[in-house]
Amino acid sequence: MKLPGKRVLWYWLPPLLWPIGFRLAVLVLMSGQAPRWVAGHDKLLHFLYFAIMAILVWRGFRFERRFSPWGAAFAAFGVIALYGGLDELSQLLRPYRSAELHDWFADLAGAAMPFLVAAAETVIQRRRPAPVPLPCPEA
C-alpha cells in the first residue's frame, strides 16, 4: 500500500484533525457541563467551528487538488454542508443531545466562508499587475 505524499498530508491532515482536536478541547475545557457563556452563543460557536473547517477544506481543494478559487469554494461548501447536516442528524441518536435546524443554518453560514476567501483571492488577482514580458533575444 502506497502512503500519501507530503503534499496530500500537508493539505488534508488539518481538516481531518480539526474536528478531533476541537472535540478533545471541548471535553477537557467543559468536562461535562458547558459554561454559562456558551448557552447564549452556541450558534456563534457552530458558525466558527464550521467556518474554520470549511476554509481548511477549501485550502485542500484549491492547492492540493488545484481547483479554481470558486470551484474549491463550491466543493468545500458541499462537503461541509453535508458534514454539518449529518452531524445534526446524528444528534437525534444521542439522548443527551438535540438536533436543531437553526444549528444547521449556523453550520451552513460557516460552510459559506470559502466563498468570501474565493472572492478575496479573485479581487487580489485582478488588482495584481500583469507580468511584463521580457524582450526576446535575437538569434
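Tutor: Gladly, and let's start with a term: a patch is made of residues with over 30% relative accessible area and no salt bridge, where like charges are joined within 9 Å and nonpolar side chains (Val, Leu, Ile, Met, Phe, Trp, Tyr) within 5 Å. A salt bridge is a side-chain nitrogen of Lys or Arg within 4 Å of a carboxyl oxygen of Asp or Glu. This is a predicted model, so local features need pLDDT of at least 70 and side-chain atom pairs count only at pLDDT 80 or more, while totals for chains, interfaces and linings use all residues. Residues are numbered from 1 along each chain as its sequence is written, and side-chain values use heavy atoms, with hydrogens and water left out.

Student: How much accessible area does the nonpolar patch on the surface have together?

Tutor: Accessible areas come from the Shrake-Rupley method with a 1.4 Å probe, and for residues only the protein chains shown count as cover. The patch members are Leu9, Leu13, Leu16, Leu17, Ile20, Leu24, Leu27, Val28 and Leu29. Together they have about 930 Å².

Student: How many helices does the protein have?

Tutor: Helices (H or I, at least four residues) and strands (E, at least two) are DSSP runs, numbered from the N terminus. The elements run α-α-α-α-α-α, and there are zero strands. The number of helices is six.

Student: What percentage of the 139 residues count as buried?

Tutor: Buried means under 20% relative accessible area, exposed over 50% and partly exposed in between (1.4 Å probe, protein chains only). By that cut-off, the share of buried residues is 29%.

Student: Which elements do the buried residues of H4 pack against?

Tutor: H4 has 22 residues and reaches 31 Å from its first C-alpha to its last, close to the 32 Å expected at 1.5 Å a residue; the expected span is 1.5 Å times one less than the number of residues. Its buried residues include Ala72, Ala76, Ile80 and Ala81. These buried residues of H4 pack against H1, H3, helix H5 (101-111) and H6.

Student: Leaving aside neighbours within four places in sequence, which residues is Ala81 in contact with?

Tutor: Ala81 is found in helix H4 and counts as buried at 13% relative accessibility. Contact means heavy atoms within 4.5 Å. With those sequence neighbours left aside, the contacts of Ala81 are Trp104, Leu108 and Ala111.

Student: Why does the pair of Trp18 and Tyr49 count as stacked?

Tutor: Rings of Phe, Tyr and Trp (its six-membered ring) pair if their centres lie within 6.5 Å; planes under 30 degrees apart count as stacked, over 60 as edge-to-face and the rest as tilted. The structure holds twelve aromatic pairs. In this one the ring centres of Trp18 and Tyr49 are 5.8 Å apart, and the pair is stacked because the planes are at 25°.

Student: How many residues apart in sequence are the parts that Trp18 and Tyr49 tie together?

Tutor: Trp18 is partly exposed at 23% relative accessible area, whereas Tyr49 is buried at 5%. Trp18 lies in helix H1 (residues 6-30) and Tyr49 in helix H3 (residues 42-64), so the pair ties together parts whose separation in residues is 31.

Student: What angle do the planes of Phe74 and Phe115 make?

Tutor: The ring centres of Phe74 and Phe115 are 4.9 Å apart, and the pair is edge-to-face. Phe74 sits in helix H4 (residues 69-90) and Phe115 in helix H6 (residues 113-127), 41 residues apart. Their planes are at 80°.

Student: Which residue meets Asp103 in a salt bridge of 2.7 Å, N to O?

Tutor: Side chains of opposite charge can pair when their charged atoms come close. The partner of Asp103 is Lys43.

Student: Which residues are linked in a network of salt bridges?

Tutor: The structure holds six salt bridges, one of them between Lys43 and Asp42 at 3.1 Å, N to O. The network is made of Asp42, Lys43, Glu100 and Asp103.

Student: How far apart are the closest N and O atoms of Glu121 and Arg62?

Tutor: Both residues are buried, Glu121 at 16% and Arg62 at 16%. Glu121 lies in helix H6 and Arg62 in helix H3, so the pair ties together parts 59 residues apart in sequence. The closest N and O atoms are separated by 2.6 Å.
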